[in-house]
Amino acid sequence: MECSGELHSVFTCMNQDTKHTSFETPFILESGDSLPAIEIAWKSWGVLNDRKDNVILVCHALTGHAAANEWFSGFFEKDGIIDLDRDYVLCINALGSCYGSTGPSTTNPATGAFWQGGFPEITIRDMVRFQQVLIDHLGITGIQLVIGGSMGGMVALEFALMDHRIQSVACIAMGAKHSPWAVGISHAQRMAIRADKTWNNGFYDPDRQPKEGIAAARAMAMITYRTPENYYQKFGRRLQSGKDVFEVESYLEYQGEKLGTRFDANTYITLSKAMDTHDVYRGREERVLHDLDIPVLVIGINSDLLYPIAEQSELSKELSNSTFVKIKSPYGHDAFLIEFEQINKALTRFYADSLNN
C-alpha cells in the first residue's frame, strides 16, 4: 500500500512493506476525547495458526516503528527467542507515532487538515486499546508473549493487565510508573522543542518543522540513554578531526540532526507525554500487580540511568509470578537494544517455561 494523507512522508513511508489497516468508527480515548477514525500500521512475520493463538506481540519504544526486525534484530537471529516455524510475530506502530499509525502527522478525517498540535493527549492505556482494535480484527485468540523495552515495556505491562489473551509478558528497562526523574527529563526535552523558533504551538510548516528543537531534545535523551563511563570510553576528551569541537559534541549534534530528518516534533511531545501517564496503580487497587497471575519476566540493566534497576526490582517484587533478571552492561538504558545475547538467554528460558506450563 502506498502512503497517503500524511504530513511527513519521509517518516511514514520508511518501510514500504508495512501493512495499513483503517477503521472508520470513532476511537474513544481515556480522556474522553474521540478520534473520528484510525489507521493502524503494522508488520508481521511467520504464520498465524488455525487457533490464532501462536502470537508474540512486540511493542516498540519512543522513536521505534513496526519494523521490529530492524531495531530488535537480535530476537530474529538464529539464537534469538523467535522461531518463525512456531511463532506469529506481530508489531503494531503505536497510536500517536509518525510511522503510519494515526497521530499528529496524519490527517484528521473530520476536518481534512493535519492534526499537528491539535492532536489530543493520549495515554499508555490508549496505546493498548488501539492495538487491541487490530488484534480483534485479526481474530487473534491468544498471545503467548508480549515483549517490550522502555515505552514498549510500559505498553507490554498494561497489556498484561488489560487483555485476558496474554499468557506471559517480558518487560525491559522500565518500572511500574514513570518516576519524577523520568518525567522531568521528558519535560526538559519538550521545552527544547517548544523553544524552537518554528514551533508555533505545534502548527508549523511541514517543510520547516522544529528540527533544532528536536536535535536538542535528542541530545538530552542520548546522554540519559548511556553512562558517563561509556561516554568517556567512546569519546574521551578527543577533539573532532580538523575542528575545534569535542567528539562528543559532534556526536550529539549528528544524532540530533538525524532524528530531525526521520521524526516529527509533535509526535515526540505526544508520545513522551503518554509515557508520563504510565502508572499501573492509577485508578486501580493497590494489589493490581499482585493479583496478576500470568508469568512476567522483568529485566533490568545495572547501568541504566533513565530507569534505574531499583525500579525493575521493585516491580518484580510487586508481582506474584515474576522472574527478575539483571543485565550487566556498560551501555546504560540503550542496552535493551544492544545486549541481545544476555536478553535472549533470559527470554528463551522464560518463554520455554511459560509454554510448558
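Tutor: Let's start with what a packing angle is: each axis is a line fitted to C-alpha atoms, over the stretch in contact for helices, and the angle runs from 0 to 180 degrees between N-to-C directions. Keep in mind that this is a predicted model.

Now take helix α5 and helix α6, residues 211-225. Their axes are 7 Å apart and they pack at an angle of about 160°. Angles over 145 degrees count as roughly antiparallel, so α5 is roughly antiparallel to α6. As for handedness, α5 passes α6 in a right-handed crossing. Who does the touching? On the α5 side you'll find Ile185, Ala188, Gln189, Ala192 and Ile193, and they meet Gly213, Ile214, Ala216, Ala217, Met220, Ala221 and Thr224 of α6.

Next, look at α5 again, which covers residues 180-194, this time with helix α9, residues 265-276. Here the axes come within 10 Å and cross at roughly 160°. That makes α5 roughly antiparallel to α9. This time the crossing is left-handed. From α5, the contact uses Val183, Ser186, Gln189, Arg190, Ile193 and Arg194. From α9, it uses Ala265, Tyr268, Ile269, Ser272, Lys273 and Asp276.

A pair of aromatic rings is described by the distance of the centres and the angle of the planes. A search of the whole structure turns up 14 aromatic pairs. One of them joins Tyr268 to Phe263 in an edge-to-face pair, 6.2 Å centre to centre with 85° between the planes. Phe263 and Tyr268 are both buried. Another pair is Trp199 with Tyr204, which is tilted: 6.1 Å from centre to centre and 40° between the planes. Trp199 and Tyr204 are buried too.

Rings can also gather in a group: Trp71, Phe72, Phe75, Phe336 and Phe340 form one aromatic cluster.

Finally, have a look at two places where a charge meets a ring. The charged end of Lys19 sits over the ring of Trp42, 5.0 Å from its centre. Arg129, for its part, lies over the face of Phe27, at 4.7 Å from the ring centre.

Definitions and conventions. Residues numbered from 1 in each chain as written. Predicted model: local features only at pLDDT ≥ 70, side-chain atom pairs only at ≥ 80, totals over all residues. Heavy atoms only, no water. Phe/Tyr/Trp six-rings, centres within 6.5 Å; stacked < 30°, edge-to-face > 60°. Buried < 20%, exposed > 50% of the residue type's maximum accessible area, 1.4 Å probe, protein only. Lys NZ or Arg CZ within 6 Å of the ring centre and 35° of its normal. Helix = DSSP H or I, 4+ residues; strand = E, 2+ residues; numbered from the N terminus. Parallel < 35°, antiparallel > 145°, perpendicular 65-115°, else oblique. Left-handed = near helix turned anticlockwise from the far one by under 90°. Contact = heavy atoms within 4.5 Å.
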